[in-house]
Amino acid sequence: VVDLQDCTNVTDASVQALSACSSLTNVCLAECTQICDVSALAACESLQRLDVGGCFSVKDVGMQSLSRCPALTDVCLSRCTHISDAAVQALACRSRLHAIDFSGCPRLTDASAEYL
């Protein structure tokens, strides 16, 4: 478990470093506002829970990469204002996914509900 919530100086370099920890199961990067790309975490095969709520610059491409994580069950993307229906579509294909928090994501449309 790694909890870096509210560490506003944490950047994509830290995400890249965390990707070397293949046994990580829970990563909290909530409110780490300098993070843009979480795609490197796709290397964490044991990742079950990811919280990037409030990481305003996180983009769809990172979520699309994370859809390859076989153990992923819980994702929080609340207030990630660059997330769109494409991220929902990618994550929805995960049969093990139990919870997704997309609250405060203004780019989502009715299509997101259909993907789920």
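1. From the N terminus on, the elements of the chain run β-α-β-β-α-β-α-β-α, which comes to four helices and five strands; helices (H or I, at least four residues) and strands (E, at least two) are DSSP runs, numbered from the N terminus. The radius of gyration is 13 Å, close to the 13 Å that the globule rule gives for 116 residues, so the chain is as compact as a globular protein of that length. That radius is taken over C-alpha atoms, and the globule rule is 2.2 Å times the number of residues to the power 0.38.

2. This is a predicted model, in which local features need pLDDT of at least 70 and side-chain atom pairs count only at pLDDT 80 or more, while totals for chains, interfaces and linings use all residues. Residues are numbered from 1 along each chain as its sequence is written, and side-chain values use heavy atoms, with hydrogens and water left out.

3. The C-alpha atoms fill a box of roughly 35 × 25 × 20 Å along the principal axes. Of the 116 residues, 45% count as buried, where buried means under 20% relative accessible area, exposed over 50%, and partly exposed in between (1.4 Å probe, protein chains only). Among contacts between residues at least 6 apart in sequence, 55% join residues at least 24 apart, a contact being heavy atoms within 4.5 Å.

4. The five strands form an open sheet in the order E1-E2-E3-E4-E5, with parallel pairing. Strand E1 (2-3) and strand E5 (99-101) stand at the edges with a single partner strand each, so one side of each is left without a neighbour in the sheet. Two strands pair if DSSP finds at least two bridges between them; strand E4 (residues 74-76) and E5 pair in the parallel sense over three bridges, and Cys-76 stands opposite Asp-101 in E5.

5. The count of salt bridges comes to two, a salt bridge being a side-chain nitrogen of Lys or Arg within 4 Å of a carboxyl oxygen of Asp or Glu. One joins Glu-31 and Arg-79 (2.0 Å, N to O), linking the loop between strand E2 (26-28) and strand E3 (49-51) with the loop between E4 and H3, 48 residues apart. The other joins Arg-49 and Asp-74 (3.0 Å, N to O), which lie in strands E3 and E4 and are 25 residues apart. Arg-49 is partly exposed, with a relative accessible area of 26%, and Asp-74 is partly exposed as well, at 23%.

6. Asp-60, in helix H2 (residues 60-66), deserves a separate remark. Asp-60 is buried yet has no salt bridge, and the nearest side chain of opposite charge, Arg-107, is 5.0 Å away; for charge, Lys and Arg count as positive and Asp and Glu as negative, while His and the chain ends are not counted. Not counting residues up to four places away in sequence, Asp-60 touches His-82, Ile-83, Ser-84, Ala-86 and Ala-87.

7. The structure holds zero disulfides, a disulfide being a pair of cysteine sulfur atoms within 2.5 Å. The sulfur of Cys-44 is 6.7 Å from the closest cysteine sulfur, in Cys-21, and this is too far for a bond; Cys-44 is buried, at 0% relative accessibility. Likewise, the sulfur of Cys-105 is 5.7 Å from the closest cysteine sulfur, in Cys-80, too far for a bond, and Cys-105 is buried, with a relative accessible area of 8%.
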